[in-house]
Each structure stands twice: as structure tokens, then as C-alpha cells.
Amino acid sequence: MRNALHITFVLILTAVVLPAKADSVDNKTPSDESDGSRANFVHLIPLLDEDGKKNTADGEPAMPFSIRQTCSDCHINDEVYHSYDKIRRGWHFNAVEPNVPPGRIGQPWIFVDAPTATQLPLSYRQWPGVFRPDEVGLTTWQFVQLFGRQMPGGGPAEIDSDDFEEVMRGFVSGKLEINCLSCHNADPGQSQAEYALQVARQNYRWAATGACEFAMVTGLAAKMSDTYDYKMPEVLDNPELRPPTVHYRKSIFDSKNQVLFDIVRKVPNERCYFCHSNVDMTGREAHKWSADEDVHLAAGLNCVDCHRNGVDHNITRGYEREDCASTNPLAGKLSCKACHIRDESLSVPTAGRLGAPVAKHKGMPTVHFDKLSCTACHSGPWPAETTIRGKTSRAHALGTLNVNKSDEVLPHIIEPVFAEQQSIGAAYKGKLLVLSSDGKIAPHKLAWPAFWGRLKEQKITPIDIEIVRPIAAKIISSEKNRRTGDWPDLTEQQIEQVLSLLSTQTEGQPVYIAGGKLFQLNSSGKLSVEEHNAAKPYLWPIAHNVRPAAQSLGINGCQDCHSIDGAFSFGMVEVDTPVVSERGSYKKMVEFQDVNATYMKLFAVSFIFRPWLKTVAIVVSMILGVILLLYALKALARITKILAGED
Amino acid sequence: MFRIVSTVAFLIGFAGIALHWLFFRSKLKALYAKRRQQPPQQKLSPLYRLRKAIYILALLCFAASVVTGFFPLLILAESIFGYWSMVHITAAIVFACCLAALAAFNAELYRFDKNYCPWLKKLLKRGDLDEEVGERSEFVLKASFWLIILLAVPLIMSMVLSMFAFFGTVIQEFLAETHRYCALLLSLILIIHSYLLSFVKKNE
């Protein structure tokens, strides 16, 4: 009996230890530990599918390669084994992680539904003013369907849905893994537009393959039944169904069934541009051939020269005080100030890095550096009498196929709005905290939220869009603006009707938010309109495009900003709304700056007298100087007389 | 740094004046009482009245400049901005004009006396010493006048130069520091000057 126990114990121990031993034998050298060489590593590698099986030239059926499997074959990390698991915590993928400090407020995803007159800033990050997708009734699956086109995979795309139907669809479509090629593939054949198309077709498993230069993916997972298994041979009773199918170019495989990838560490700008392009709708500059690029790129820098990261992909965003929110050792050291302003306290100077011109700011009183961000004078479009509208890749799906190119298409983003910077979501000793605003004024983009919500216990939350859609469809006509993608012409009467119908379907008081105002039915059933905090616009700072010093605000003198009708303080900010009766209204820029408008006006007026002030001050100094000189000479004359014995 | 320096300087300045007033008030009053009276007609002359008006205006503008300049910095712990700066600049330029006028009016009156340099007279073995002159604190009064004029030049020019696009941030900061420290010194000296002058005026 005792022997039997011994044998059992030894057997159990062997069963536990042996695989671990085998694993450690099989353990590979961490390849993400750099040896310091700046040379590019040639990526001649096999294409592995989800199960880790090699794709071959003659393989039938051809399987989509899995980024996780293909890259993780080499990119392993000594801490968590697969680098993939470390990378997924990087900035581009970690929005869904609740413990990640949100840092400075950034660009949200903007949910738009023109027929219901809805425009909502969304984000999984804890930025004040945005709504979490689940607050609007969007599951992670739906979120990826809407915005996966310009996501590099991972994040919400790898979260399992709680909805049974979506779980079933997930088996068909697969997961939208982090697509390293989205950024690191330098081959001109890498097509992110194709990637967006594959995402729209719910071909998540196939998206990375379809977007790369040597494969083509046909078919739509979205049309396949819940029981479709991509590994099974095609047995289709419906000829209209086209299962996702991969076609590799035969010539890409070498004799060892390896494929050459043009992978680079230094990501080309064009890869960033797919998700981070901006268009200023100024008419002339709306065309990219007539608009200038960021001065840094024009000078030969790459986006990643400033926005850097290690294997953890915790990329620097480049704002001041970023080190409070990021663990990247370069956070806060790759800001405008760090490269362009000489810091005498540093023994090793950082100013002038990569040839950055060190700013002199001639004639600029230093109070400006306490009150303004660098971008206030150097970034974004030059302020005009009224704000302009802008487009961004992520908001307007720029660069994707069949995108609506109309100037009026939603969402309406307004810029440049010179507003006080908001607080920073930081971290200290593992705890999230809010770092108060430094009070500096910076240029921002702005979006006015518009949505149907419910007012309950003084809190307004958006009503699920699926509840609003059928009601709005009966009352609001969006036919007229269908082509342009603009707002429908919403009347107060229509709002009244929708609100009264919504009151039968939702808890709490139904309300409509648009253009900074709250619309609700009062006790007598009439529409009342008031300004409300929940209707406040969402603003996020403009960082690019940076203009050179010769095109910065102030180059023409103080009057660039300090004039009685100067756009910087008194520019008109468009209040965008679908409500016809509210259209055409504006707010003054100064209302966003936490500065007294009368003071700004008076201060601007004082600049009219500034030349006089200078003249008077110089004359006074001259009089005082002459008197001093005169009596100094008299004193000298007296002393010389005394010394000469004449006195 | 400047906040600490200026706080300490003002405290020492006011404490010094208080102590002086406590211990030397009666002596100083007695000494100034002996001073030669100015003829009454000169007192009432338009020029005298103008001088007095300018002096009062200068004192008011000085007070406004000091309060608006130092209050945000010392009490609010922030650099001068907003309405503070507007009042400060307006008061300061009027004060500068008044100062130029007072300098022109009073320069001759505030010429130094050879009696202030007993060591020089002793050295040269010339004339008798009028010790009373030395005791009357006239030297401090006159020296403070010339120091005010002397400090006013960099005080004004540091601000004027910063308004031209000549200098970069480093020099701008130097000019701002120069302005601050000159303002601090000028304020202290002007306070002492006004304190001493009050004895003269009372006895006139």
C-alpha cells in the first residue's frame, strides 16, 4: 500500500514536472531584447494559422495567417513569454483596460446616426465628456463593427461578448487580433482600406491576411450562418453565400514555405496617417495637394521620432506632464518644450534634439509661457473670424473605400477653438488620480453632442439607439440630406413628437441634447429649451499640424491675438445643431478660456496705446538719465575742484 | 525666490522704520525744527503747488503700482496678470512721468553738501564741520532721492526693452528679474524717503 502511494506520488510529480521541463527546454531566447544594432532584421518567416500550422504554396484550402501565431514564433519576451501579451497593453490597444491612466484628453470615436440626429463622442478611456460605448448600448462587438476599420486590432476586438448571438458570430468571424502589419509593414502593397473592408465584412480572422501585399480574401463572414466552420470543406446549399477564402500569390513562398515581410521598426508616416489624418475644411486647403504637412515631417522627421515606444508599445503622446500618466521613460521628455526650449537646469541638454531649432521667442513676454501651450501659437489652422470645420480619419473614415467626401458629412468637428486645457488623468503609486489643469490655453477640436437621452436622478444618459431609430424614422425625414450625410432638418415640433413617443418606452424623462441645449417636455407637454451641462461640447487638444516659427501666432506682432476683434479671443465658435431654429448661433472663443471677456477687450484696447507707452517710457528714462548724468558730472567737477584745492 | 526675498525685505524695511520712529522720532523732529524756514511766498507759488500736486500724484501712483505689482506675487503667489497688470501699467507710467518731473524740480535741492563727507574734509584739512547737518539724516534723504532716480532708469527700461522684439526668452527673463528687483529696491527706498520727508514737511 505504501509502495503504491509512493509510485502514485512519483507519477503525479513526473506528470507535473515533465511538461514544465519540456517547456523550459523548448524555451526560446527572448528575441525582443535588442542587441543594439540599428540594422533592419529580415523577416523571412513562415505563415502560421490560428492553430500554429504552416501555410504552404500548395496548401488547400489556404488558411488566413494569424498574426499572433506568426509573430509570436519569434517575438517572445522573457517576462510574459509572448510579446503579443505585452504589446496588447500598449496605448493603441489598452483603452478597455480600466486601470490604465487616461492621460490628457484625446480624440474620441464619434458615433453618428444621421436619421436620428445623433452625434456622440465615445471612448473606453475615462475622459470627462465622453460616453462609454456600453452607456449607449453598444457592445464591444458592435463597437468593433463600427470603428474596427481604423483600429489596429486588439482591445475591444479581443473581448468576448456577453451576448449569445455575438458569441456565435465570433466563432464565424474569428477575433480581430492585433495587426502588427497595420503599422510595421513598409510594403506599399499593405492596404488598410482593404483591412477596413474585411472588418466591415466581419472577416476578422482574415483581415490581416486580406490587407497584406501578397494575399487576397474574398467572401463575407457576415453572411455565413452561425454554424459555419471555416476549416470544413465548402458545402454550400445557397449559391449566394460566399465564404471567406484566402488566395495567396504562389510566388511569395520560398522552398521552405517562408514569406518575406518588409517589416520595419521605424513605422512609415503613411501608416500613421491612415488613422491620424486631419483635413481642415477651409476650401482651398481641403485638398491635400494644396495643404502643407506638419513642419516636422517636412523637415524629414517621422511621426515615430517623437512618438516612441519600446516592446510594450506604450507610445509617448508628447504632451507636457505626460510622465504623470505614462510609464514610458521618455514620457514628458519628447514634448515640444523638451526639444525646443533650452533648460539650463539640465546637465545633459535635451533642447535641439534631432536638429530641433531652439526657440528664442524674441520680444515674447514670459507670461505667455505660463498662460499658453506651445500649440496655441504653433499648431492647427490659423484662427479666423469664425471657426472652420475639420475632418479626421477616425471620425470620417478617411482613406477607406466609398467614403462620403461631402463637406457636410457628419460628424461635424469644429476647429480651432482656443480653450483652457483640461485636467490629466494620471497615476500615482498604482492609483488613478486627476491632475488639475495647468490653466493653459490651447487650440482644440470640438464636437457638440447631439442625442436622445433620459433624465433620471439629475443624470442624463443616452437612450439605446435601437429604441430611438424606429420612433425617429416615423417622424424625422433625413431623405433630403442622405447624400451629403448632413443633419436632418429637425424642427421643434418633431422633437416634441419624438419625446412624447419616447416617454412611453423609457424610464425617466426623455430629453434631447443638441447644440449645447437640452430640450424636454414640461408638465404641460410643451417643449422647453435650456442650456445644460450635459450638452456641453467635447473638446480635445490639437497637436498637429505644427506650423514653423515664421507662421506662428504673434509673428505679425501682439495684434495677432491682442486686438479688439482678434480671433484668438473673439473668434466665433460655431454652435452646431440639427435643430433648425437653433442654427446659425455662435459662442465667443473667450467663453472657453476662463477669462473675463471685458478684461480681454480692455486689454486689447490697451495695445492701441502700447506705442505711446513705449515712447513715454523712453522719454522719461532719457530725462532721468540726463539729470543723473548732469549731476554726476557736476559732482565730478566739484570733486576735481576740491582735489585741486580751488574749493 | 523673489517672493521670499521681497517678503523679508518689506518686513525688515517696515520694522526698521518702526524702530526708527520709536527711538529717533523726537531727536529728528528737534533737529528739523531748527531748519531754516522757506519764505511763505515760495510755499504758495504756483510752481510749489504744482510740485506738491505732482508729488501727491506720484505717491498715489506709486502705491497703486506697489499694490498691483506685489499683491499677486506675494499674496496670491502668481505672476501679475489680468486687471492687476492693467492697473499696474497705467499707474506705473504716470508714476514714471511724475518721477521725471520731480527729478527735474528737485535735483538742485537734493544736491549733496560737502558736510556729508567729513572724512574727505578731514583728509584735505579744509573748513569746519557742521555736525548738525550730518545728524539731520539729510544725507539719507538726499541719497535716497538719487537712488530712486538711479533705480527708475533700469526699472522702466527693463520693461520697455522687453516690449521690443530684440531679446529672446533668456534675456526676457533677465529683464523681468531686473524689473522685479529694481521695483523692490525702489519701493523700499521710496518708502524710507517718504518717511524721512514727512519730518521735513511737518516742520515746514
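**Reading the features one by one**

Modeller: Keep in mind throughout that this is a predicted model.

Biologist: Where in chain B is B:Phe23 placed, and which residues make a nonpolar surface patch with B:Phe23?

Modeller: B:Phe23 sits in helix α1 of chain B, which covers residues 2–33. Together with B:Leu19, B:Trp21, B:Leu22 and B:Phe24, B:Phe23 makes a nonpolar surface patch of about 550 Å².

Biologist: How should I read the cysteines, and how many disulfides are there over all chains?

Modeller: A disulfide is a covalent bond between the sulfur atoms of two cysteines. The count over all chains is zero, and A:Cys377, for instance, is in no disulfide, with the nearest cysteine sulfur, that of A:Cys561, 5.7 Å away. A:Cys377 is buried, with a relative accessible area of 12%.

Biologist: How do I read a salt bridge, and how many are found over all chains?

Modeller: The idea is a side-chain nitrogen of Lys or Arg within 4 Å of a carboxyl oxygen of Asp or Glu, and the search of the whole structure finds 23 salt bridges. In one of them A:Lys440 pairs with A:Glu320, their closest N and O atoms being 3.4 Å apart. This pair links distant parts of the chain, 120 residues apart, with A:Lys440 in the loop between β14 and β15 and A:Glu320 in the loop between α11 and α12 of chain A. A:Lys440 is buried, with a relative accessible area of 11%, whereas A:Glu320 is partly exposed at 25%.

Biologist: Which residue forms a salt bridge with A:Asp576, and which with A:Arg583?

Modeller: A:Asp576 pairs with A:Arg389, with 3.6 Å between the closest N and O atoms. That pair also links distant parts of the chain, 187 residues apart, since A:Asp576 lies in the loop between β22 and β23 and A:Arg389 in strand β11 of chain A. A:Asp576 is buried, with a relative accessible area of 4%. A:Arg583 forms a salt bridge with A:Asp489 at 2.9 Å between the closest N and O atoms. A:Arg583 is in the loop between β22 and β23 and A:Asp489 in the loop between α16 and α17 of chain A, so this pair ties together parts that are 94 residues apart in sequence.

Biologist: Is A:Tyr230 buried or exposed, and what does its side chain make a polar contact with?

Modeller: A:Tyr230 is buried, with a relative accessible area of 13%, and is found in the loop between β7 and β8 of chain A. Its side chain makes a polar contact of 2.9 Å with the side chain of A:Glu50. Leaving aside neighbours within four places in sequence, A:Tyr230 is in contact with residues including A:Met63, A:Pro64 and A:Trp206.

Biologist: Which helix of chain B holds B:Ser187, and which backbone oxygen lies 2.5 Å from a polar atom of its side chain?

Modeller: B:Ser187 lies in helix α8, residues 169–203, and the backbone oxygen in question is that of B:Ala183. B:Ser187 counts as buried, at 2% relative accessibility.

Terms used
Residues numbered from 1 in each chain as written. Chains lettered and ligands numbered in written order. Predicted model: local features only at pLDDT ≥ 70, side-chain atom pairs only at ≥ 80, totals over all residues. Heavy atoms only, no water. Patch = residues over 30% accessible without salt bridge, like charges linked within 9 Å, V, L, I, M, F, W, Y side chains within 5 Å. Areas by Shrake-Rupley, 256 points an atom, 1.4 Å probe, with all protein chains shown as cover. Helix = DSSP H or I, 4+ residues; strand = E, 2+ residues; numbered from the N terminus. Disulfide = S-S within 2.5 Å. Buried < 20%, exposed > 50% of the residue type's maximum accessible area, 1.4 Å probe, protein only. Contact = heavy atoms within 4.5 Å. Polar contact = N/O pair within 3.5 Å; in protein donor to acceptor, adjacent residues only side chain to side chain.
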